[in-house]
Amino acid sequence: MGDFTAAVRIEVLKLRRSRTPLMTALAFSLVALVDGLFMVILKDPAAARSWGLLGAKAQLAAGVADTHTALGFLTQATGIGGLFVFGLVFVWVFGREFADRTVKDLLAVPVPRTTIVAAKFTVAAAWCLVLAVWTGALGIGVVTTLRLPGADAGAVASGMARLLLTAVMTIVVAAPFALLASAARGYLAPVGGILLATFLGQIIAALGYGAYFPWAVPALYASIEGVHARPGPIGYSLVALVGLAAALATGSWWRRADQAR
């Protein structure tokens, strides 16, 4: 337990000294800003046109300006864009050791390699959850500032719960990119994997089979009512299996890893 705690502290220190927390927080802050802009436009399209926020012939069919829509937009953004941002967090946490050429030293320390992997997964997942909470807090700020209807405690709690559950599933399906960053010994291949998974998720969901593709399940769960292909027990089980398999495979790879340079 002492080794794990020390490894977590080291990973937290690495994260704090990097630009990753700031850049990822800014990414989700921008999404919340767009959410607020959409709500302003939906609340009063005529005023938005007079302010230059909406073209004279443009239409925005995103729903109505209320709490459900505002938090729902952020939840969908977490399910879709979150895969890219969370994936980058995992890729950075694992891939930086190869990019900085510190992996040889890391593998030589008298700490079980599985402990190091567990610490990396813990810190990466924790930061992704912090980003989700930050996004939800910004969403509540949008609702409060614009005085959107339906902002009762139950609606806010339900919206936040849906956002956080979406974030948890997205974090789980982002875990395989840690293995890809380790096996590829760097950033390029896993970033390509993130883009491919995001692209395939959208295509397969559009074809109606997204409920059986783990990387599409969080976005489907986050979607507004009316989506015809809701994830079921099979989809959620596949998400859990992907995360578990990724964690075990990453631990196995690091146990057997050896560096010749």
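At what angle do helix α4 (residues 67-99) and helix α7 (residues 153-174) pack, and how far apart are their axes? Before I answer, a word on the source. The model is predicted: local features require pLDDT of at least 70 and side-chain atom pairs count only at pLDDT 80 or more, while totals for chains, interfaces and linings use all residues. Residues are numbered from 1 along each chain as its sequence is written, and side-chain values use heavy atoms, with hydrogens and water left out.

Let me begin with the overall composition. The protein has 11 helices and zero strands, where helices (H or I, at least four residues) and strands (E, at least two) are DSSP runs numbered from the N terminus. Of its 261 residues, 44% count as buried, that is, under 20% relative accessible area with a 1.4 Å probe and protein chains only, where over 50% is exposed and anything in between partly exposed. Among contacts with a separation of 6 or more, 77% join residues 24 or more positions apart; contact here means heavy atoms within 4.5 Å.

I return to the opening question. The angle between α4 and α7 is about 20°, and their axes are 9 Å apart. That makes α4 roughly parallel to α7. Axes are lines fitted to C-alpha atoms, for helices over the stretch in contact, with angles from 0 to 180 degrees between N-to-C directions; under 35 degrees counts as roughly parallel, over 145 as roughly antiparallel, 65 to 115 as roughly perpendicular and the rest as oblique.

On the α4 side, the contact residues include Thr78, Gly79, Gly82, Leu83 and Phe86, and on the α7 side they include Gly159, Arg162, Thr166 and Thr170.

Setting aside residues up to four places away in sequence, threonine 170 touches Thr78, Gly79, Gly82, Leu83, Phe86 and Pro218.

Next, helix α6. Spanning residues 113-146, α6 has 34 residues and reaches 50 Å from first C-alpha to last, close to the 50 Å expected at 1.5 Å a residue. Arginine 147 follows α6, with a positive phi near 55°.

Finally, a loop residue. Phenylalanine 213 sits in the loop between α9 (188-206) and α10 (217-222), and is buried, with a relative accessible area of 16%. Beyond its neighbours within four places in sequence, phenylalanine 213 contacts Ala197, Leu200, Gly201 and Ile204. Phenylalanine 213 and valine 239, 26 residues apart in sequence, lie 8.4 Å apart, C-alpha to C-alpha.

Conventions. The expected span of a helix is 1.5 Å times one less than its number of residues.
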